[in-house]
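Thanks for making time this morning, everyone.

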Amino acid sequence: MTDRPPLFVMTPLASEMIEQLEQRFTVHRGGGPEDTRAIVAGGASVIDAAMIEALPQLEIIAINGVGYDGIDLEAARARGIRVTTTPDVLTDDVADQAIALMLAVQRRIAANDRMVRDGGWMVPPGRQASGRRIGIFGLGRIGRAIARRAEPFAAELLYTARHAKPDVAWRFLPDIRALAAASDVLILSAPGGEETQHIVGVEVLAELGRDGVLVNVARGSLVDEAALITALAEGQIAGAGLDVFENEPDVPRALRHMDHVVLAPHQGSATVAGRAAMAALVLANLDAHFAGKPLPTPLA
């Protein structure tokens, strides 16, 4: 017997974090027992009403990330289950990843690397990365951080959000189609969920146009992957930098064989310092909850 509360880990975690959890909890992986009191989830984890109902003693869901579109918040709130995320500590890393992908696509970094490794030298020219119109879809913490980094590259910086932000000078456009039409580079940093499901499809890609580049560091669900593959294959857009995909970890074969696409395995927050800070905040939220103290970063 143990007095350590049962905790279900439903997302990959570093061994160091697992060790710290095991010092505090009885850790279960592969399935949560009925007496589970806490869950550590990832930004892409799905915890629906049925799962919540099946865990009658669940008290807290600590998300190791900022995404929560897979969590049934209404069901959690109805049960008084707390939900926490790890905001801010991953903002800079994800924003850096967006800029890295933007530059890598336009300057053919990955394709040229492969060519040189294979003994080649003569390659097609890349695209100029400076002096382009850069549009940001979603101006939350991460969107703002991307915008600040992108501004020195941009001839004009534009954004679309639920409403115009009075504290920024960048040009607001009311919807993503208008944003794509006005942008040479379209960077996605909005949350996932029903509201944004496949918000980038045939029409938005057509508006982005033959010289346009798409960068996605948000959620794979924002992009209609079939439409994107067609647009890339037919030259309807110039390229894409993708850190997220519709059915991770499955990445369509067509994308993997395109030189004008740069792919990353959902690594936006994957720096040593960033992951350590995320882990520390997950543990801080769990410790606070079971000590009866205010949560550092409550979502619900």
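Let's begin with the annotation: UniProt, in an unreviewed entry, gives residues 99–268 as "domain: D-isomer specific 2-hydroxyacid dehydrogenase NAD-binding". Please keep in mind that what you see is a predicted model. In that model, the span 99–268 is 32% helix and 18% strand, and its end C-alpha atoms lie 11 Å apart.

Now, the sheet. Seven strands form an open sheet with parallel pairing, and reading across you get β8-β7-β6-β9-β10-β11-β12. Which strands stand at the edges? They are β8, residues 171–172, and β12, residues 261–263. Each has a single partner strand, so one side of each is left without a neighbour in the sheet.

Let me stay with β6 for a while. This strand covers residues 132–137 and runs parallel to β7, residues 154–160, with six bridges joining the two. If you'd like some pairs to find on the screen, I134 stands opposite L157 in β7, and I136 stands opposite Y159. Getting from β6 to β7 involves helix α6, residues 141–150, and together the three make a right-handed β-α-β unit.

β6 also pairs with β9, residues 185–188, again in the parallel sense, over four bridges. Here you can look for F137, whose bridge partner in β9 is L188. And is β6 largely enclosed or left open? Five of its six residues are buried, so β6 is largely enclosed by the rest of the structure. As a reminder, in a regular strand the side chains alternate between the two faces of the sheet.

Let's go back towards the start of the chain. Strand β1, residues 6–9, and strand β2, residues 26–29, pair in the parallel sense over four bridges. One spot to check there is P6, which stands opposite T26 in β2. With helix α1, residues 15–24, these two strands make a right-handed β-α-β unit.

Last stop, the surface. Which residues form a nonpolar patch there? The patch consists of V116, W121 and M122, and together they have about 440 Å² of accessible area. V116 lies in helix α5, which spans residues 109–117.

Technical notes. Residues are numbered from 1 along each chain as its sequence is written. This is a predicted model: local features need pLDDT of at least 70, side-chain atom pairs count only at pLDDT 80 or more; totals for chains, interfaces and linings use all residues. Side-chain values use heavy atoms; hydrogens and water are left out. Patches are made of residues with over 30% relative accessible area and no salt bridge: like charges are joined within 9 Å, nonpolar side chains (Val, Leu, Ile, Met, Phe, Trp, Tyr) within 5 Å. Accessible areas come from the Shrake-Rupley method with a 1.4 Å probe; for residues, only the protein chains shown count as cover. A salt bridge is a side-chain nitrogen of Lys or Arg within 4 Å of a carboxyl oxygen of Asp or Glu. Two strands pair if DSSP finds at least two bridges between them. A crossover is right-handed if, with the strands pointing away from the viewer, the path from the first strand over the helix to the second runs clockwise. UniProt positions are given in the numbering used here, feature names are shortened, and annotations may be inferred rather than shown by experiment. Buried means under 20% relative accessible area, exposed over 50%, partly exposed in between (1.4 Å probe, protein chains only).
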